[in-house]
Amino acid sequence: MTESGKGEDDSIQTILYSYSIHTSEDHMNLYNSWAENYDEDIALINYRAHIYSAETLDPVFPKERENALVLDVACGTGLTAAQFQTIGFKNFHGIDGSDSMLKAAESKGLYQSLRKCMIVPGEQLPTPSDTYDLMIVVGALSIGHLSPDVLPELLRITKPGAYVCMSVKDEGDSRYKQHLLRVTEELENKGLWTKVVIRRFDQWQNIVLKTEISSEYNQGFVAIYRKCGPVAGSQESRG
């Protein structure tokens, strides 16, 4: 029994349901009802995307982080911001499509700004270009969540020289992963960003079976890119 009074069977069924739906509308309906128990439920499956993302970024991001402005995309309950705070980041903006998730994130007291926003390919976000020093997209690049086609718009609102940190769980359907690979390679080929590091992890989270949580694990990876262009204050930017 979890602290909220839910049984493990209920948690398993909720997680399995989240895997079975494939539209943004269905996911938002789920998250609005799940927010209160979300952190507890995913802790049951040893979900580690936020931990691995911070661990991968830490050695490559400059050590001066207190003033870095971070956008947490599909921020959920704020688990990722809490993890990134442990490696020195303090200034977080969060966007998410779920009112209940945003309320849970607000309760953590980590964000200077939280906004309800659906990120859709072809639509511009209400944010000026070159705003953020770090963009984190943890757990959202999957079927029914964010399309890889939103990455150019997310890149627009990061500063030249800014970092983009993305986590991706290996899915059974490889079409999404192939789509993501096409978009990331296209951005690299156009000289819009450059790859910093990609790390694979074998223990991403426990596999969830129909009636129990397996001791076996899903795999996943974290990819870090850096936006190209002259960095403010650098010799290149001064010409």
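Is lysine 227 buried or exposed, and what is its relative accessibility? At 13% relative accessibility, lysine 227 counts as buried, where buried means under 20% relative accessible area, exposed over 50% and partly exposed in between (1.4 Å probe, protein chains only). The legends below describe a predicted model, in which local features need pLDDT of at least 70, side-chain atom pairs count only at pLDDT 80 or more, and totals for chains, interfaces and linings use all residues. Residues are numbered from 1 along each chain as its sequence is written, and side-chain values use heavy atoms, with hydrogens and water left out.

**View 1. The salt bridge between lysine 227 and aspartate 130.** The closest N and O atoms of this pair are 3.2 Å apart; a salt bridge is a side-chain nitrogen of Lys or Arg within 4 Å of a carboxyl oxygen of Asp or Glu. Lysine 227 belongs to strand β7 and aspartate 130 to the loop between β3 (111–116) and β4, so the pair ties together parts that are 97 residues apart in sequence. Helices (H or I, at least four residues) and strands (E, at least two) are DSSP runs, numbered from the N terminus. Aspartate 130 is partly exposed, at 41% relative accessibility. By the stated rule, the count of salt bridges comes to 10.

**View 2. The salt bridge between aspartate 170 and arginine 200.** The two side chains meet at 2.5 Å, N to O. Since aspartate 170 lies in the loop between β5 and α7 and arginine 200 in strand β6, the pair ties together parts that are 30 residues apart in sequence. Aspartate 170 counts as buried at 19% relative accessibility, whereas arginine 200 is partly exposed, with a relative accessible area of 44%. Salt bridges that share partners join Asp170, Lys177 and Arg200 into one network.

**View 3. The salt bridge between arginine 65 and aspartate 58.** Here the N to O distance is 2.6 Å. Arginine 65 is buried, its relative accessible area being 4%, while aspartate 58 is partly exposed at 26% relative accessibility.

**View 4. The open sheet of seven strands.** The strand order is β3-β2-β1-β4-β5-β7-β6, and the pairing is mixed; two strands pair if DSSP finds at least two bridges between them. The edge strands β3 and β6 each pair on one side only. Direction ignored, neighbouring strands of this sheet are turned by 15 degrees against each other on average. Strands β4 and β5 run parallel and are joined by six bridges; isoleucine 136 has cysteine 165, in β5, as its bridge partner. Helix α1 (residues 8–20) packs on the sheet, touching β5, β6 and β7, and its direction makes about 140 degrees with that of β6. Axes are lines fitted to C-alpha atoms, for helices over the stretch in contact, and angles run from 0 to 180 degrees between N-to-C directions.

**View 5. Threonine 184 in helix α7 (residues 174–189).** Threonine 184 counts as buried, at 5% relative accessibility. Leaving aside neighbours within four places in sequence, threonine 184 is in contact with Leu151, Met166, Trp193 and Tyr225.

Methods
Contact means heavy atoms within 4.5 Å.
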